[in-house]
Amino acid sequence: MNPFFYTPAEYELEKASNSYIMSLLVVMVGLPLPIINLLATLFFFIANRKSTYFVRWHCTQALLSQFSLFCLNSVAFWWTVTIILNKGEGITNIYVAYLVLVVLFNLLEFIMTIRAAIRTRKGVHISWWFYGPLTDIICKP
Amino acid sequence: MRKIVFQGLILLLVLAGGVYLLTRMDWIRLLRIDRATEKVEQKLGDLIWSQQGLDELPKDSTYKRVDAIIRRLCAANQIDQKRVKLHLVENGEVNAFALPDYHMVVYSGLLKNVKNDGELAGVLGHELAHMELAHVMKKLGKEVGLSVLISITTGELGGDAIKEVIGMLSSSAYDRKLEKDADVQAVKYLKQAGIDRNDFANFLDRLGKEEAGIPKELSWLSTHPDSRERAKYIREME
(Lines give C-alpha, C1' and ligand atoms only; values in the text may rest on other atoms or scores of the structure.)
Protein backbone atom coordinates (compact mmCIF):
# COMPACT_ATOMS: atom_id res chain seq x y z
CA MET A 1 0.00 0.00 0.00
CA ASN A 2 1.35 3.40 -0.92
CA PRO A 3 0.47 5.94 1.79
CA PHE A 4 1.61 8.87 -0.30
CA PHE A 5 -1.01 11.14 -1.77
CA TYR A 6 0.81 11.30 -5.06
CA THR A 7 2.70 9.01 -7.39
CA PRO A 8 6.43 9.71 -7.08
CA ALA A 9 8.21 10.74 -10.24
CA GLU A 10 11.05 8.72 -11.73
CA TYR A 11 13.80 10.97 -10.29
CA GLU A 12 12.27 10.66 -6.81
CA LEU A 13 12.35 6.88 -7.00
CA GLU A 14 16.00 7.06 -7.97
CA LYS A 15 16.93 9.40 -5.12
CA ALA A 16 14.94 7.42 -2.54
CA SER A 17 16.60 4.21 -3.72
CA ASN A 18 20.00 5.91 -3.55
CA SER A 19 19.46 6.80 0.09
CA TYR A 20 19.65 3.07 0.89
CA ILE A 21 22.45 2.43 -1.58
CA MET A 22 24.62 5.10 0.09
CA SER A 23 25.15 3.03 3.23
CA LEU A 24 25.80 -0.11 1.19
CA LEU A 25 28.38 1.59 -1.01
CA VAL A 26 30.43 2.60 2.01
CA VAL A 27 30.44 -0.98 3.30
CA MET A 28 31.48 -2.21 -0.13
CA VAL A 29 34.45 0.14 -0.44
CA GLY A 30 35.68 -1.35 2.80
CA LEU A 31 35.44 1.28 5.48
CA PRO A 32 35.25 -0.58 8.77
CA LEU A 33 34.62 2.38 11.08
CA PRO A 34 30.98 2.26 12.19
CA ILE A 35 30.55 6.04 11.96
CA ILE A 36 31.22 6.11 8.20
CA ASN A 37 27.96 4.40 7.23
CA LEU A 38 26.02 6.79 9.40
CA LEU A 39 27.85 9.83 8.04
CA ALA A 40 27.30 8.78 4.43
CA THR A 41 23.57 8.38 5.04
CA LEU A 42 23.48 11.63 7.04
CA PHE A 43 25.14 13.63 4.24
CA PHE A 44 22.67 12.20 1.75
CA PHE A 45 19.82 13.06 4.11
CA ILE A 46 21.04 16.67 4.50
CA ALA A 47 21.51 17.02 0.76
CA ASN A 48 17.90 15.93 0.22
CA ARG A 49 16.25 17.61 3.20
CA LYS A 50 14.39 20.00 0.93
CA SER A 51 13.45 17.35 -1.58
CA THR A 52 9.98 15.88 -2.09
CA TYR A 53 8.17 14.02 0.67
CA PHE A 54 8.81 10.57 -0.84
CA VAL A 55 12.57 11.17 -1.04
CA ARG A 56 12.76 12.70 2.45
CA TRP A 57 10.74 9.85 3.93
CA HIS A 58 13.07 7.16 2.62
CA CYS A 59 16.19 9.17 3.49
CA THR A 60 14.89 9.44 7.05
CA GLN A 61 14.09 5.74 7.32
CA ALA A 62 17.56 4.86 5.99
CA LEU A 63 19.15 7.30 8.47
CA LEU A 64 17.22 5.96 11.46
CA SER A 65 18.11 2.37 10.68
CA GLN A 66 21.74 3.32 10.20
CA PHE A 67 21.75 5.16 13.50
CA SER A 68 20.66 2.12 15.52
CA LEU A 69 23.15 -0.03 13.66
CA PHE A 70 25.78 2.60 14.42
CA CYS A 71 25.07 2.26 18.15
CA LEU A 72 25.42 -1.53 18.00
CA ASN A 73 28.58 -1.37 15.89
CA SER A 74 30.16 1.33 18.04
CA VAL A 75 29.89 -0.82 21.16
CA ALA A 76 31.52 -3.72 19.26
CA PHE A 77 34.20 -1.40 17.86
CA TRP A 78 35.25 0.16 21.17
CA TRP A 79 34.99 -3.15 23.00
CA THR A 80 37.46 -4.55 20.44
CA VAL A 81 39.74 -1.52 20.86
CA THR A 82 39.89 -2.07 24.65
CA ILE A 83 40.85 -5.71 24.03
CA ILE A 84 43.59 -4.73 21.59
CA LEU A 85 44.92 -2.16 24.06
CA ASN A 86 44.66 -4.73 26.89
CA LYS A 87 42.45 -2.51 29.01
CA GLY A 88 39.58 -4.91 29.59
CA GLU A 89 38.97 -8.52 30.49
CA GLY A 90 40.22 -9.80 27.15
CA ILE A 91 38.25 -12.04 24.81
CA THR A 92 35.33 -13.32 26.86
CA ASN A 93 32.35 -15.46 25.92
CA ILE A 94 29.95 -12.52 26.13
CA TYR A 95 32.20 -10.47 23.82
CA VAL A 96 32.18 -13.17 21.13
CA ALA A 97 28.42 -13.64 21.58
CA TYR A 98 27.86 -9.89 21.14
CA LEU A 99 30.10 -9.85 18.08
CA VAL A 100 28.13 -12.72 16.51
CA LEU A 101 24.88 -10.84 17.19
CA VAL A 102 26.28 -7.65 15.63
CA VAL A 103 27.40 -9.55 12.53
CA LEU A 104 23.94 -11.14 12.22
CA PHE A 105 22.21 -7.76 12.57
CA ASN A 106 24.53 -6.16 10.04
CA LEU A 107 23.84 -9.00 7.64
CA LEU A 108 20.09 -8.66 8.14
CA GLU A 109 20.32 -4.90 7.69
CA PHE A 110 22.41 -5.39 4.55
CA ILE A 111 19.84 -7.72 2.99
CA MET A 112 16.92 -5.49 4.00
CA THR A 113 18.69 -2.43 2.61
CA ILE A 114 19.35 -4.08 -0.76
CA ARG A 115 15.71 -5.18 -0.89
CA ALA A 116 14.51 -1.69 0.03
CA ALA A 117 16.75 -0.06 -2.58
CA ILE A 118 15.43 -2.36 -5.34
CA ARG A 119 11.77 -2.11 -4.30
CA THR A 120 11.89 1.66 -3.84
CA ARG A 121 13.47 2.03 -7.27
CA LYS A 122 10.47 0.14 -8.67
CA GLY A 123 8.12 2.56 -6.95
CA VAL A 124 7.06 0.25 -4.11
CA HIS A 125 6.86 1.94 -0.72
CA ILE A 126 8.82 -0.06 1.87
CA SER A 127 8.05 0.64 5.50
CA TRP A 128 10.20 -1.29 7.98
CA TRP A 129 9.13 -2.63 11.35
CA PHE A 130 9.57 0.13 13.99
CA TYR A 131 11.53 2.45 11.66
CA GLY A 132 8.57 3.02 9.32
CA PRO A 133 6.11 4.27 11.98
CA LEU A 134 8.93 6.29 13.58
CA THR A 135 9.70 7.92 10.23
CA ASP A 136 5.98 8.74 9.85
CA ILE A 137 6.21 10.82 13.03
CA ILE A 138 9.48 12.57 12.18
CA CYS A 139 8.90 13.18 8.49
CA LYS A 140 5.84 15.24 7.62
CA PRO A 141 4.57 16.05 4.09
CA MET B 1 2.93 6.32 19.17
CA ARG B 2 1.91 3.24 21.17
CA LYS B 3 2.72 1.11 18.12
CA ILE B 4 6.24 2.55 17.93
CA VAL B 5 6.92 1.97 21.63
CA PHE B 6 5.61 -1.60 21.33
CA GLN B 7 7.69 -2.34 18.24
CA GLY B 8 10.76 -0.68 19.78
CA LEU B 9 10.40 -2.82 22.91
CA ILE B 10 10.06 -5.96 20.80
CA LEU B 11 13.23 -4.97 18.95
CA LEU B 12 15.11 -4.44 22.23
CA LEU B 13 13.82 -7.78 23.53
CA VAL B 14 15.03 -9.53 20.38
CA LEU B 15 18.44 -7.93 20.86
CA ALA B 16 18.71 -8.80 24.57
CA GLY B 17 17.32 -12.30 23.95
CA GLY B 18 19.76 -12.77 21.10
CA VAL B 19 22.73 -11.88 23.28
CA TYR B 20 21.41 -14.13 26.06
CA LEU B 21 20.95 -17.11 23.75
CA LEU B 22 24.31 -16.60 22.10
CA THR B 23 26.10 -16.45 25.46
CA ARG B 24 24.73 -19.96 26.17
CA MET B 25 27.29 -21.23 23.69
CA ASP B 26 30.89 -21.73 24.77
CA TRP B 27 32.47 -19.61 22.03
CA ILE B 28 35.91 -19.58 23.66
CA ARG B 29 36.12 -23.37 23.38
CA LEU B 30 34.26 -23.52 20.07
CA LEU B 31 36.66 -21.08 18.41
CA ARG B 32 39.63 -22.61 20.28
CA ILE B 33 40.60 -19.21 21.69
CA ASP B 34 41.70 -20.76 25.01
CA ARG B 35 43.97 -23.25 23.24
CA ALA B 36 45.64 -20.50 21.25
CA THR B 37 46.33 -18.59 24.49
CA GLU B 38 47.65 -21.76 26.14
CA LYS B 39 50.12 -22.30 23.31
CA VAL B 40 51.43 -18.74 23.58
CA GLU B 41 51.80 -19.18 27.35
CA GLN B 42 53.62 -22.48 26.97
CA LYS B 43 56.07 -21.09 24.43
CA LEU B 44 56.58 -17.93 26.44
CA GLY B 45 57.20 -19.84 29.69
CA ASP B 46 59.82 -22.11 28.12
CA LEU B 47 61.51 -19.23 26.34
CA ILE B 48 61.66 -17.01 29.42
CA TRP B 49 63.03 -19.79 31.60
CA SER B 50 65.66 -20.86 29.05
CA GLN B 51 66.97 -17.29 28.79
CA GLN B 52 66.49 -15.99 32.34
CA GLY B 53 70.09 -16.27 33.57
CA LEU B 54 69.14 -17.05 37.19
CA ASP B 55 71.41 -19.18 39.33
CA GLU B 56 69.38 -22.40 39.83
CA LEU B 57 70.18 -24.61 42.80
CA PRO B 58 70.71 -28.39 42.45
CA LYS B 59 67.78 -30.72 43.07
CA ASP B 60 68.86 -31.79 46.55
CA SER B 61 66.89 -32.39 49.76
CA THR B 62 65.72 -28.77 49.94
CA TYR B 63 64.25 -29.09 46.46
CA LYS B 64 62.51 -32.31 47.49
CA ARG B 65 61.10 -30.58 50.57
CA VAL B 66 59.57 -27.76 48.51
CA ASP B 67 58.41 -30.16 45.81
CA ALA B 68 56.69 -32.33 48.44
CA ILE B 69 54.68 -29.33 49.67
CA ILE B 70 53.62 -28.48 46.12
CA ARG B 71 52.64 -32.12 45.53
CA ARG B 72 50.55 -32.10 48.70
CA LEU B 73 48.77 -28.88 47.73
CA CYS B 74 48.16 -30.09 44.17
CA ALA B 75 46.93 -33.55 45.17
CA ALA B 76 44.43 -32.10 47.64
CA ASN B 77 43.10 -29.55 45.16
CA GLN B 78 42.92 -31.51 41.89
CA ILE B 79 45.71 -29.46 40.32
CA ASP B 80 47.82 -31.20 37.70
CA GLN B 81 51.12 -31.28 39.60
CA LYS B 82 53.06 -32.28 36.46
CA ARG B 83 52.41 -28.84 35.01
CA VAL B 84 54.25 -27.09 37.84
CA LYS B 85 57.92 -26.55 37.02
CA LEU B 86 59.71 -25.71 40.25
CA HIS B 87 62.97 -23.75 40.19
CA LEU B 88 64.97 -22.98 43.34
CA VAL B 89 67.27 -20.02 42.80
CA GLU B 90 70.26 -18.82 44.85
CA ASN B 91 69.22 -15.33 45.91
CA GLY B 92 69.10 -13.72 49.34
CA GLU B 93 65.80 -11.94 48.73
CA VAL B 94 62.68 -13.28 50.42
CA ASN B 95 60.82 -13.88 47.19
CA ALA B 96 58.83 -16.33 45.11
CA PHE B 97 57.01 -15.69 41.86
CA ALA B 98 55.22 -17.38 39.01
CA LEU B 99 56.25 -17.23 35.36
CA PRO B 100 54.02 -18.21 32.42
CA ASP B 101 53.17 -21.89 31.92
CA TYR B 102 53.45 -22.88 35.59
CA HIS B 103 57.14 -22.08 36.10
CA MET B 104 57.43 -21.37 39.82
CA VAL B 105 60.59 -19.61 41.01
CA VAL B 106 61.48 -19.74 44.71
CA TYR B 107 64.48 -17.82 46.09
CA SER B 108 66.74 -19.39 48.72
CA GLY B 109 66.17 -16.27 50.84
CA LEU B 110 62.54 -17.27 51.31
CA LEU B 111 63.46 -20.80 52.31
CA LYS B 112 65.81 -19.47 54.98
CA ASN B 113 63.18 -17.06 56.29
CA VAL B 114 60.25 -19.44 56.79
CA LYS B 115 60.00 -21.06 60.22
CA ASN B 116 58.10 -24.18 59.13
CA ASP B 117 56.57 -25.94 56.12
CA GLY B 118 53.17 -24.38 56.84
CA GLU B 119 54.54 -20.89 56.23
CA LEU B 120 56.21 -22.03 53.03
CA ALA B 121 52.99 -23.78 51.94
CA GLY B 122 51.12 -20.48 52.33
CA VAL B 123 53.48 -18.65 49.98
CA LEU B 124 53.57 -21.55 47.50
CA GLY B 125 49.79 -21.82 47.63
CA HIS B 126 49.51 -18.11 46.88
CA GLU B 127 51.78 -18.42 43.81
CA LEU B 128 49.97 -21.60 42.76
CA ALA B 129 46.72 -19.65 42.94
CA HIS B 130 48.14 -16.95 40.64
CA MET B 131 48.90 -19.73 38.15
CA GLU B 132 45.57 -21.52 38.46
CA LEU B 133 43.58 -18.28 38.19
CA ALA B 134 45.54 -17.32 35.04
CA HIS B 135 46.79 -14.12 36.69
CA VAL B 136 50.26 -14.38 35.14
CA MET B 137 49.09 -14.04 31.55
CA LYS B 138 46.44 -11.50 32.57
CA LYS B 139 49.08 -9.27 34.12
CA LEU B 140 51.51 -9.64 31.24
CA GLY B 141 48.76 -9.04 28.69
CA LYS B 142 47.75 -5.89 30.54
CA GLU B 143 51.20 -4.44 31.14
CA VAL B 144 53.27 -5.70 28.24
CA GLY B 145 50.56 -6.28 25.64
CA LEU B 146 49.59 -9.49 23.90
CA SER B 147 51.21 -8.39 20.66
CA VAL B 148 54.60 -7.99 22.42
CA LEU B 149 54.22 -11.39 24.07
CA ILE B 150 53.51 -13.04 20.72
CA SER B 151 56.50 -11.19 19.23
CA ILE B 152 58.69 -12.68 21.99
CA THR B 153 57.50 -16.20 21.18
CA THR B 154 58.16 -15.73 17.47
CA GLY B 155 61.66 -14.43 18.19
CA GLU B 156 61.03 -10.91 16.90
CA LEU B 157 61.86 -9.49 20.31
CA GLY B 158 64.86 -10.88 22.14
CA GLY B 159 66.67 -10.84 25.49
CA ASP B 160 65.81 -7.35 26.69
CA ALA B 161 62.09 -7.94 26.38
CA ILE B 162 62.43 -11.24 28.26
CA LYS B 163 64.45 -9.57 31.04
CA GLU B 164 61.74 -6.94 31.30
CA VAL B 165 59.05 -9.61 31.65
CA ILE B 166 61.02 -11.44 34.39
CA GLY B 167 61.66 -8.15 36.17
CA MET B 168 57.98 -7.32 36.08
CA LEU B 169 56.81 -10.69 37.38
CA SER B 170 59.41 -10.89 40.15
CA SER B 171 59.35 -7.34 41.45
CA SER B 172 55.90 -5.85 41.07
CA ALA B 173 52.61 -6.94 42.55
CA TYR B 174 49.43 -7.91 40.77
CA ASP B 175 46.63 -5.48 41.37
CA ARG B 176 44.92 -5.53 44.75
CA LYS B 177 41.94 -7.61 43.61
CA LEU B 178 44.09 -10.32 42.02
CA GLU B 179 46.29 -10.47 45.13
CA LYS B 180 43.27 -10.94 47.36
CA ASP B 181 41.80 -13.55 45.02
CA ALA B 182 45.11 -15.44 45.20
CA ASP B 183 45.10 -15.23 49.01
CA VAL B 184 41.54 -16.52 49.21
CA GLN B 185 42.37 -19.37 46.83
CA ALA B 186 45.59 -20.15 48.73
CA VAL B 187 43.65 -20.48 51.99
CA LYS B 188 41.28 -22.93 50.26
CA TYR B 189 44.26 -24.95 49.05
CA LEU B 190 45.75 -25.00 52.55
CA LYS B 191 42.46 -26.09 54.09
CA GLN B 192 42.01 -28.91 51.56
CA ALA B 193 45.57 -30.05 52.18
CA GLY B 194 45.05 -30.00 55.96
CA ILE B 195 47.61 -27.23 56.54
CA ASP B 196 46.96 -24.58 59.18
CA ARG B 197 46.36 -21.21 57.51
CA ASN B 198 47.58 -19.48 60.65
CA ASP B 199 51.14 -20.38 59.63
CA PHE B 200 50.67 -18.31 56.46
CA ALA B 201 49.19 -15.46 58.47
CA ASN B 202 52.05 -15.67 60.99
CA PHE B 203 54.59 -15.43 58.18
CA LEU B 204 52.91 -12.29 56.83
CA ASP B 205 52.65 -10.80 60.28
CA ARG B 206 56.28 -11.48 61.10
CA LEU B 207 57.55 -9.99 57.88
CA GLY B 208 55.12 -7.12 58.24
CA LYS B 209 56.76 -6.17 61.51
CA GLU B 210 60.18 -6.22 59.87
CA GLU B 211 58.92 -4.31 56.87
CA ALA B 212 60.12 -0.92 58.03
CA GLY B 213 63.65 -2.15 58.69
CA ILE B 214 64.67 -4.13 55.64
CA PRO B 215 62.24 -3.51 52.82
CA LYS B 216 64.67 -4.19 49.98
CA GLU B 217 65.44 -7.76 50.98
CA LEU B 218 61.81 -8.62 51.60
CA SER B 219 60.81 -8.56 47.97
CA TRP B 220 57.84 -10.89 48.26
CA LEU B 221 56.45 -8.70 51.00
CA SER B 222 57.14 -5.36 49.39
CA THR B 223 55.46 -6.50 46.19
CA HIS B 224 52.42 -7.65 48.15
CA PRO B 225 51.01 -4.62 49.99
CA ASP B 226 49.30 -4.47 53.37
CA SER B 227 50.77 -7.67 54.75
CA ARG B 228 49.26 -7.21 58.22
CA GLU B 229 45.86 -6.58 56.73
CA ARG B 230 46.30 -9.72 54.65
CA ALA B 231 47.29 -11.71 57.73
CA LYS B 232 44.14 -10.42 59.42
CA TYR B 233 41.73 -11.45 56.67
CA ILE B 234 43.48 -14.79 56.20
CA ARG B 235 42.81 -15.56 59.87
CA GLU B 236 39.22 -14.37 59.61
CA MET B 237 38.34 -16.26 56.42
CA GLU B 238 35.53 -18.80 56.68
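Predicted model: local features only at pLDDT ≥ 70, side-chain atom pairs only at ≥ 80, totals over all residues.
Figure 1. Two strands count as paired if DSSP finds at least two bridges between them. Ala98(B) stands opposite Met104(B) in strand 3 of chain B. Phe97(B) has Val105(B) as its bridge partner. Helices (H or I, at least four residues) and strands (E, at least two) are DSSP runs, numbered from the N terminus.

Residues are numbered from 1 along each chain as its sequence is written, and chains are lettered from A and ligands numbered from 1 in the order in which they are written. Local features need pLDDT of at least 70, side-chain atom pairs count only at pLDDT 80 or more, and totals for chains, interfaces and linings use all residues, while side-chain values use heavy atoms, with hydrogens and water left out.

**Figure 2. The two faces of strand 2 in chain B.** Buried means under 20% relative accessible area, exposed over 50%, and partly exposed in between (1.4 Å probe, protein chains only).

**Figure 3. The open sheet of chain B.** The sheet has 3 strands in the order 1-3-2, with mixed pairing. Strand 1 (85-89) and strand 2 of chain B are the edge strands, and each pairs on one side only. Neighbouring strands are turned by 20 degrees against each other on average, direction ignored. Strand 1 and strand 3 of chain B pair in the parallel sense over 5 bridges. Leu86(B) has Met104(B) in strand 3 of chain B as its bridge partner. In strand 1 of chain B, 4 of the 5 residues are buried, so this strand is largely enclosed by the rest of the structure.

Figure 4. Helix 4 of chain B lies across strand 1 and strand 3 of chain B. This helix runs at about 140 degrees to strand 1 of chain B. Axes are lines fitted to C-alpha atoms, for helices over the stretch in contact, and angles run from 0 to 180 degrees between N-to-C directions. Gln78(B) lies in the loop between helix 4 and strand 1 of chain B. Its phi is near 50 degrees, a positive value in a residue other than glycine. Gln78(B) is exposed, with a relative accessible area of 70%.

**Figure 5. Helix 4 against helix 6 in chain B.** Helix 4 (residues 61-76) and helix 6 (residues 117-132) of chain B pack at an angle of about 60 degrees, with their axes 10 Å apart. The two helices are therefore oblique to each other. Angles under 35 degrees count as roughly parallel, over 145 as roughly antiparallel, 65 to 115 as roughly perpendicular and the rest as oblique. Helix 4 of chain B passes helix 6 of chain B in a right-handed crossing. A crossing is right-handed if the near helix is turned clockwise from the far one by less than a right angle, and left-handed if anticlockwise. Helix 4 of chain B contributes Arg65(B), Val66(B), Ile69(B), Ile70(B), Leu73(B) and Cys74(B). These meet residues of helix 6 of chain B, including Asp117(B), Leu120(B) and Leu124(B). Contact means heavy atoms within 4.5 Å. By class, the contact of helix 4 with helix 6 of chain B has 9 nonpolar, 1 polar and 2 charged residues. Ala, Val, Leu, Ile, Met, Phe, Trp, Tyr, Cys and Pro count as nonpolar, Asp, Glu, Lys and Arg as charged, and the others, Gly among them, as polar.

**Figure 6. Helix 6 against helix 10 in chain B.** The axes of helix 6 and helix 10 (residues 176-192) of chain B come within 8 Å and cross at roughly 120 degrees. That makes helix 6 of chain B oblique to helix 10 of chain B. The crossing is right-handed. Among the contact residues of helix 6 of chain B are Gly122(B), His126(B) and Glu132(B). Those of helix 10 of chain B include Glu179(B), Ala182(B) and Tyr189(B). The residues of this contact divide into 8 nonpolar, 5 polar and 3 charged.

Figure 7. Chain A has 5 helices and 0 strands. Thr80(A) is found in helix 3 (residues 53-84) of chain A. Thr80(A) is partly exposed, with a relative accessible area of 25%. Leaving aside neighbours within four places in sequence, Thr80(A) is in contact with Tyr95(A) and Leu99(A). Phe130(A) is in the loop between helix 4 (93-121) and helix 5 (131-138) of chain A. Phe130(A) has a positive phi of about 70 degrees although it is not a glycine. Phe130(A) is buried, with a relative accessible area of 17%.
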